[in-house]
Structures are given as structure tokens and as C-alpha cells.
Amino acid sequence: MTAPMIAMNGITKSFPGVRALSDVSFDVRAGEVQALVGENGAGKSTLIKILSGVYHADAGEVHMNGEAVHFAHPVESLRAGIAVIYQEFSLLPERSVAQNLFLGREPRTRLGLIDTSRMRAEAREVLSLFAAAGHIDPDSLVGSLNVATQQVVEIAKAVSTGARVVVMDEPTAALNETECEELFATVDTLRNRGVAIIYITHRMREIARLADRVTVLKDGEVAASFDTLPSPDAIVRAMVGRDIEDFFAPKAKPDEIGDPVLTVRGAGNDVLRDIDLDIRAGEIVALAGIQGAGRVALAMALFGEAPFATGDVTLAGEAVSFRSARAAIAGGIGLLPGDRKSEGLVLMQSVRDNGMLTSRAFAPLWTSDQRNDNADTTRMDALLDQMEIRAASYEQDIRALSGGNQQKAIVARWLSMRPKLLIFIEPTRGIDVNSKAGIYHLMRDLAREGAGILMISSDLPEVIGVADRVLVMQSGRIVAEFPHDASEQDIMHAATAETEVAA
Ligand SMILES: Nc1ncnc2c1ncn2[C@@H]1O[C@H](COP(=O)(O)OP(=O)(O)OP(=O)(O)O)[C@@H](O)[C@H]1O
Ligand SMILES: [Mg+2]
């Protein structure tokens, strides 16, 4: 048998206070997808950063095509043909697709000028390799494309520079259902072209759809490696060390649902039309819809960031009209944003302080004496424990946490505030299965304590598993409502079917 494209042997890596990887061996062959899975903080991203030369292993070796390689810097691994598609793209938003594809290696005329027509033609050729890129105009600005399309451009760029190994670290985290399908088609194309693919994900459905082999990391060690596609249960067992029963929390019983916490009547603004909405104490309402349907706009209107221009809003029996997030938070609304890096985290702070940030900022002044601070700290630590946040200590800088653990710290922050209405946007993006189950149960506990919950999610199994009611939006309106046992087909259909729009 030929040597694997990449073989990592006995990789060990420690950070101050944490052993991130110990004696990990891992390989991937040309023309296959090797899925790398494991709980938040298991060491997946660290392993990839060692492969690409961002970090240096304390021990162990990397072989490429049978030869030992040492990459001191990501530029060197890229030159050797290893492309890592990060969630923060390396593309330049204010340049065109073609300019991005050929950045630094533009085709030139004999006079040494950039040959734009040849560049455009070659860009078309590269893009044509990918079904999902068929509609991309080489002249469009990258910044004007949606995330999924930018990702295709990034992958096309990797392939056109001769990448033989493509690594994707949670590539679907920011994609909707349709965009995910496009990405899967792109992965199929890469595999058929003989590229070796390392694919990191927390979603079992993606593993089933894409993976040829699966390696499971747990606490920095290889917990299992499967040479054929294992069952989801087998993967979860290797990841978590046991089966997960009750992945979703039970739905609300009729007598657990109380009076309306939030009532919206005839509300609208530039984006939203005729919004009527009730969320009652004790219930979790999911908001489904395709990108641009107005789900986030509705959340932002309720949260005072992009307020309604017309209509009436009542929160816990009082008429309100929040004109800022600060006012909404003071009034009892919490919001957990989907994009943890840009919106949710103060990256310089410790895990514990970050968790307590909001409750501190908005607590009445008289509670912020030292005694209460200690009580707050104890309560926050209990919550962080309950969420099984993996950190060397809660004093640690939040930046050093794995992606999923950062998300859990933000969830803990809002849970500690006990808001009347809590809005979750993509609450489990990037979160491992075990912690997902933990978040679903915490959401349900919060509802039982009397909060109303509005959840925006693009993950349909999550919508169906969690919600007591599902509302579907399209073009700024709520167009359909389903009870807790809606099917994926019903929701997809309502989200995409042409609706009659009154003149
Ligand atoms: N630069 C760093 N400094 C200190 N600790 C770090 C650093 N990078 C990672 N770690 C720690 O190493 C461990 C592994 O983190 P890593 O990011 O590899 O996890 P992961 O498997 O990618 O998790 P996730 O699914 O949440 O992305 C974690 O405990 C993390 O806190
Ligand atoms: Mg990671």
C-alpha cells in the first residue's frame, strides 16, 4: 500500500496548565475524507495547527507522502500543499473573486501587466470544477458573497494552488441547510480529484454523509479510530465515554405553560411586516426560515438593536418599546448571539468574569459590594461547573478556550441573569453533542422557572427536538406555525414555498 498523504505519529502538545494532546497518531490518504471528532477541548484544532505549522509539537512527527516534514510556519505547509480552511476567511472582501483566486500569482502579459481577461477566464475554469460555484461571477466582490459562496471560493483557491490536503475545521458552522448541501458537493469534488480531506465537525449527519473513516479524540488522546463509517451511537460512545440518553429535554406539558411573557401586535419596520407574536412563560418557541427571512431582524427588534417602527410590544404585562440593547437587557430580555467572537465575548477577560459580565453591568449599584460579588462568583462557578466548561481554571483568559467552550461561557452568562425573555440565536453552533444536550436541558430548566424562550436555529433536528412551537418566517413575515411535532419537510416547505403576498 502506498504511504498515506499525511501521517502524524505520537503527537504530544502541552499549553501552560493543559495537556492538549498526548501521543496522538492520525493519518489520511489521498481521495478520502477522514473525520476528526471529539468534545469541545478534545484537541482537534490543536492537532490541525500542529499539522499546518501554527504550533510546534512537544513530541512526535509528521510525514507527508512517506517523508518526514517540519513546518515552522503556516506558509511552509501551504507551499507543501496543505490548505486549512479556517472559519475566519483569508480572502480580501474588497477585491473580486478572480483577484482573490490569483492573489500574488496573477497571469501577466508580456509587458508584465496583470492580464485581466486571462485571469477572468482561468478563474471561470477553476470555479467550474465545483458545481456549487457554477453561478459565481469572477468579477463580483468577495465581500458581496454569502458565507457559503466565500467558502467555495476559498476552497477553489486552495485547489488551484495545488493543495493535496484540505483541512476543514467546522466548515458548516455558519451555513444554512442549502449551503451545507453545496459544501458537501464541493467536498465530493475534492475527494474525486484525489485530495486528502480532514473534516472536523460536531454534527453526526455530516459524518454519515461525508466520512470514509473517523478518528475520535477525547481529552487529548485517540479514543477510537474507525476504518469504516461507524454508527452515530458508536461515535458518541467513544466521544463521551457513554451513551447519551435524553439528548433533548422533554417538551413542556400543557400545565407548565403560563401567561404570555411577550406579546407583539401588528409590529413592523423596514424589514419586518405585520408581526403578531406571543411567547408564554414556560415555553420554547423556535423561529425557522431561510437566510434573509427576517429571523435575526425580529430578534434585533425585540432586543432594541433595530427597533420596530410600528406596533405594540408587551413584556410581562407592561407596554415597552426598547430603543437599545441596554434598555432591553434592563427590561429583562437576554440575547445569545450566534457569532460568539464578534458579539458575545470580551476576549481579554477571564472565563468567570466573562460569564458575570452582563449581570454585573446591569445589577443595581447596591448589589455590587464585595459580599454579593462573592455570592455571584460562587453561583457563576456552579453554573460553569454544570456546563462542564473545560478550562485550566475559571481565572484563565477566555481566548485560550476551545471554540465550543467559549460558547458555553456565554450561555452561562445569560443563564445567570434570569431574564424574562431569552433569545437564543444558533445556541449550539460549534458545541459538542454532550454539551448540546446540556444546553437543551438548561434551556428547559429556564423555561420551567418561568422564562419565555425564543430560539432561532438553522439546525432542523434541533428545532424539532427542542421547540414547543415552531414559527416559520419568510420575507419579513411570520408565514406558518406548527405544534411541537412538526416534520422537517413541513418546516422546509413553509420556509421556501411561494407565499401569497397581499398587495
Ligand atoms: N493557545 C492556547 N493556550 C492555552 N491553551 C490552549 C490554547 N489552544 C488550545 N488550548 C487548550 O487546549 C485544549 C484543546 O483545545 P482545542 O482548541 O484543540 O479543542 P477542540 O477539540 O478544537 O475543541 P472545539 O470543539 O471546542 O473547537 C483545550 O483545553 C484548550 O483550552
Ligand atoms: Mg476547535
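How many bridges join β3 to strand β8, and in which sense do the two run? In this predicted model, strand β8, which spans residues 196-200, is joined to β3 by four bridges, and the two strands run parallel. Within this pairing, Ala35 has Tyr199 of β8 as its bridge partner. A further parallel pairing links β3 to strand β9 (residues 213-218), here over five bridges, with Leu36 standing opposite Thr215 of β9. Strand β3 itself comprises residues 33-38 and is mostly covered, six of its six residues being buried. This burial extends to both faces of the strand, since one side carries Val33, Ala35 and Val37 and the other carries Gln34, Leu36 and Gly38, all of them buried.

An open sheet is formed by four strands in the order β2-β1-β4-β5, with antiparallel pairing. Its edge strands are β2 (18-28) and β5 (67-69), each of which pairs on one side only, and the twist from one strand to the next averages 30°. Within the sheet, strand β1 (residues 6-15) is paired with strand β4 (residues 59-64) in the antiparallel sense over five bridges, and the bridge partner of Ile6 in β4 is Met64. Helix α1, formed by residues 44-52, packs on this sheet, where the helix touches β1, β2 and β4, and its direction makes about 115° with that of β1.

In total, 19 residues surround ligand 1, and the closest are Asn40, Ser45, Thr46, Ser402 and Gly404. When the shell is divided by class, six residues are nonpolar, 10 are polar and three are charged.

Helix α15, which covers residues 433-448, contains 16 residues and reaches 23 Å from its first C-alpha to its last, a span close to the 22 Å expected at 1.5 Å a residue. The buried residues of α15 include Val433, Ile439, Leu442, Met443 and Leu446, together with Ser435, Lys436, Tyr440, Arg444 and Ala447. The helix is followed by Gly450, for which phi is positive, near 110°.

Terms used
Residues numbered from 1 in each chain as written. Chains lettered and ligands numbered in written order. Predicted model: local features only at pLDDT ≥ 70, side-chain atom pairs only at ≥ 80, totals over all residues. Pairing = 2+ DSSP bridges. Axes fitted to C-alpha atoms, helices over the stretch in contact; angles between N-to-C directions. Contact = placed C-beta atoms within 7 Å. Expected span 1.5 Å × (residues − 1). Buried ≥ 20, exposed ≤ 12 C-beta atoms within 10 Å, placed from the backbone. Near = placed C-beta within 6 Å. Nonpolar A, V, L, I, M, F, W, Y, C, P; charged D, E, K, R; others polar.
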